[in-house]
Amino acid sequence: MSNTFDEISQQLKRRHRKSARLKWITMGSLGLAGLFLVLFFADMLTKGLPAFQQAYIQTEISYTEEAATDGRRAFDEELLPLISRTVVRVIPMELRNNPDMIGTSKTQWVLATSGVDQYLKGHRHRLSEEEQAAIDARVEAGQVDLRFNSTFFGSGDSKIAENAGILSAVVGTVMTMIVTLAISFPIGVMTAVYLEEFAPDNRFTQIIEININNLAAIPSILFGLLGLAIFINFFGVPRSSPLAGGMTLALMTLPVIIISTRTALRSVPESIRHAGFGVGCSRWQVVRDHVLPLAMPGIMTGSIIGLAQAMGETAPLIIVGMVAFIPDVGASFTNAATVMPAQIFTWSGEPEQAFVEKTAGGILVLLTILISLNAFAVVLRKKFERRW
Amino acid sequence: MNSHATVMNNQQVPAVGQPYTRNDAACHDLSIRVRDLNLWYGKNQALMNLNIDLFQKNVTALIGPSGCGKSTFLRCLNRMNDLIPSVRTEGLVEIDGRDVNSAKMDEVALRRRVGMVFQKPNPFPKSIFENVAYAPRMHDLVSRKTEQEELVEKALRDAGLWNEVKDKLHEPGTSLSGGQQQRLCIARAIAVQPDVILMDEPTSALDPISTATIEDLMDKLKEKFTIVTVTHNMQQAARVADYTAFFHLGEIIEYNDTKVMFSTPAQKKTEDYISGRYG
Amino acid sequence: MQTNQLLLIFCGALLLLGLLAFFAGRSKASRLRSAGTAMFAQPDQYAWFTVLSTAGPAVLVSALGAFALLLMGADIPTLYLLAASLVVAAIGLMVSLNQVKPDFHARQAIERVIRMTLAGAALISIFTTFGILFSIISEALRFFQMHSFWEFITGTTWNPGASFLASAGRGDGSGAEFGSVPLFAGTFMITAIAMLVAVPIGLLSAIYMSEFAPRNVRTVAKPVLEVLAGIPTVVYGFFAAITVAPIIVNIAGFFGLDASYNNALAPGIVMGIMIIPFISSLSDDVINSVPDSMRQGSLALGMTKGETIRDVVVPAAMPGIISAALLGMSRAMGETMIVVMAAGMRPNLTANPLEDMTTVTVRIVAALTGDQEFESAETLSAFALGLVLFVVTLLLNLVSVLMIRRFREKYRVNNL
């Protein structure tokens, strides 16, 4: 009647091969996705790590009378094309502030132009043969060197590549995130508490729920349109300010916080609430004293993840004008500011080769912050995770 | 209990690897032979030194209180336990002269010859027709459309479902009632033309009328197939089974002709269980 | 600034009134209680009640006033408004102090207020949706007053250049054309490329993780894939423009093809990479929720694992997989930074992915970052494009939600 095992096994060979092939294909897909990730990070690291070093030249600065009016006079004429304009520019001001320095001289490491920098790093550059020879000679003599790029971390944006830094964008990001969290965290938690603990299961509640899920899926650029039309044009919030950007991002982060808070509240077992009611607590007292504290780690985790998302967001901020050129590092909620992703965006638009590594360097800083935030969220969740 | 749980004292059990011989008209061909079967879930031993012979074209019922290992044992027969990572099996399960657990045995081939019907009906999310035709087509048992239609009709008739579904073969299998779904699953199993059909409490999720239908069906199916069924219902075992094995805490306490077992159980534990003292 | 100082004084006064309310309320309640009267609530609760009824109406009045100031352009001097609020606060204090009586349910009153506040917070999400809808629709309507809707939907030339001249006072803007077909063609092209990358890789990875992978591989692979979703889009945009686009140009050149540095392939592929985790994560959840009995039923018939997956598990999970793909698609269509940085600016109706193309989102950004007047047709066209984008993504999301709900009901899974 039926075949023997051997006959069946014989027929099965082809089908087993097919099955194994599916396994390898799926495994390959996962590998491919992983490969993308590796390639991406390798690319960003090779492009961005050089940005953390910058070419410096050791030179003698002679604070002569002429230098007080024309900074260029303070330097060796041969070296002048290799020294950053920003160094030259501050000499007269320095002398004006300290007049007794006139007549002295000192040997110092000063910032080189981005051309020297790119040449030393082996990137595309526009230096002449003689300039290259001059640099090579000084590298031999130990007078030109790549050193830690403190400018990049310590100053604001600049149109001069070697002088551009990310600090003003970092400050702008911090300000914007303060606004975002200050708005979205309380409102998000309150909404979630209402929906999970208080709301009756009626039409109104269902509409809110559907609406929140929908809000989470709306393209971020449309939040930018909202921010522009409502916050800036209607309420007159200053354009380009952390306030405008933060409010816009707050609305975007809201659904993330609401959804994660609801999950956290839902994971608090009903028995805790019953225990609270059992000793005569009102609903609000149970929520405030028992449910919320237990749900807090989950709420924090969700909020941090939402914050990290908002921190990487660019499109809505471009729409509300947060791509401003901010050379000075200053903190104000209502003045124009820029944020890290926006800074990356502006730099990526600069034609100069030196800005490519600045962009990638900025990306590395941003990614480091985001990954640390997410890792922190994961640790938080692991640490406080509770099985009921 | 370590002794071989074989039926009837005059039964000659051939040594492992030897062909089965019919030595008595009342005795049936041996289909599955189990020797010293042990099974562990992680560190917990669930089956202890099982020895049993199951006979061709008979219904054998496995009874016992819940957690006694009867379902686990059933799943050893077509190696469904392989799907659970922590399970470890030792011992011999021999079907058609082959050790089921040997490395050479292809578990897919094994399952083609040892079909299974589950506790809860689990039709595929396909049409009724496809539910039955899918496996035979994959096994190259049929290829042309007309062959498939013949086979589906035959399997559904054998499962006693044909008259109820012949007009809606292309509706989803999940649209049927629970009892019909279970018969669809039986049709699906017999369409592959296996030698053995394992049934894991096939009626426990069904209403009494569907249960009766399926019990009748088992009676008919044993003309063609060897049926091993797990049941938690002693009356069912008494109604449908030719042989019954009583499991307790991973051991086979008693194995005998159903009538003998239910009228004069040899073991005290069996008697207690049958008379409802525990279970 | 004058208003700032006023505001500060107002806040200070309100704070003082609040403190006064708290202590007055509490002392009255304690006095009553120590006099031996049984009260419905704790003294602190009475105190909070008086605070709430002092500050609440006052804040409400000032907020309403400010809103009227902005919305109707009503000419109420800030000083008067704040003064009125303070008066309201004082009245609230009087009335509530009077309410501190033994038979008054202060706790219930507080809880009513809390409940209403929470409900009010929940309304903000609704307001946000309406805000988006309102802002987009109202500006889009203004755009459609200038240019016909029909032309917008069916026109194949997008050339807003002339409208810019009109707003600058030169020309009459009649030469401007706002036919959005090339923009949508670009969006669909790039979305299609992204889906061609993301759906196979995402789905197959999900199948590997849920069906084949050992547990430890799975626990590592899932969060690693999630990293792809956490990378900011501006970073992907840079990657697409600086790394991927030149590679594509080189490869195309190797085959003798001429590719633009702003080709549609680079942003499409990179967007696909970005969407992989969305598809894989949701598909993985869905495949995991396909009941195990399905797999066992198939395996028990002598099917191989591959056949079981292909013919039983994946079809069973199909609604969820489609839902994941739709969600990914809606994300791809609304994605902005990758295309702004890596795709072209030139509206180009073509089927060749090696050419430069522009998308809806690129034009929205372009229209709103220029120096035009807000009233210009080009600026307003951004809102018209935004409206279409909103409608399309909304539909995709809704269908996706319906699919996943169907899956959930079919297998009674609750964790999706």
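Visitor: What percentage of the residues in chain C is buried?
Guide: The model is predicted. Chain C has 416 residues. A residue counts as buried if 20 or more other C-beta atoms lie within 10 Å of its own. By that cut-off the buried part of chain C is 49%.

Visitor: Is chain C as a whole compact or spread out?
Guide: The C-alpha atoms of chain C fill a box of roughly 95 × 75 × 35 Å along the principal axes. For 416 residues the globule rule gives 22 Å, and the radius of gyration of chain C is 30 Å, well over that value. Chain C is therefore, compared with a compact globule, more spread out.

Visitor: How many helices and strands does chain C have, and what share of its contacts with a separation of 6 or more joins residues 24 or more positions apart?
Guide: Chain C has 15 helices and 2 strands. Among its contacts with a separation of 6 or more, the share from residues 24 or more positions apart is 76%.

Visitor: Are helices α12 and α15 of chain C roughly parallel or roughly antiparallel?
Guide: α12(C) covers residues 305–334 and α15(C) residues 377–411, and their axes lie 8 Å apart at an angle of about 165°. Angles over 145 degrees count as roughly antiparallel. So the relation of α12(C) to α15(C) is roughly antiparallel.

Visitor: Which hand does the crossing of α12(C) and α15(C) have, left or right?
Guide: The residues that meet include Leu326(C), Leu327(C) and Met333(C) in α12(C), and Leu396(C), Met403(C) and Phe407(C) in α15(C). The residues of this contact divide into 13 nonpolar, 7 polar and 1 charged. As for its hand, the crossing is left-handed.

Visitor: What percentage of the residues of chain B counts as buried?
Guide: Chain B holds 10 helices and 10 strands. Of its contacts between residues at least 6 apart in sequence, 68% join residues at least 24 apart. Among the 279 residues of chain B, the buried part is 47%.

Visitor: Which element of chain B gives the most residues to the side that touches chain C?
Guide: The contact takes 22 residues from chain B and 15 residues from chain C. On the side of chain B, α2 (107–113), β6 (114–117), α3 (128–138) and α6 (178–191) each supply at least two residues. The most, 4 residues, come from α2(B).

Visitor: How many residues on the side of chain B that touches chain C are nonpolar?
Guide: Chain B gives 22 residues to the contact with chain C. Of these, 4 are polar and 4 charged, and the nonpolar ones number 14.

Conventions
Residues numbered from 1 in each chain as written. Chains lettered and ligands numbered in written order. Predicted model: local features only at pLDDT ≥ 70, side-chain atom pairs only at ≥ 80, totals over all residues. Contact = placed C-beta atoms within 7 Å. Nonpolar A, V, L, I, M, F, W, Y, C, P; charged D, E, K, R; others polar. Axes fitted to C-alpha atoms, helices over the stretch in contact; angles between N-to-C directions. Parallel < 35°, antiparallel > 145°, perpendicular 65-115°, else oblique. Left-handed = near helix turned anticlockwise from the far one by under 90°. Rg over C-alpha atoms; globule rule 2.2 N^0.38 Å. Buried ≥ 20, exposed ≤ 12 C-beta atoms within 10 Å, placed from the backbone.
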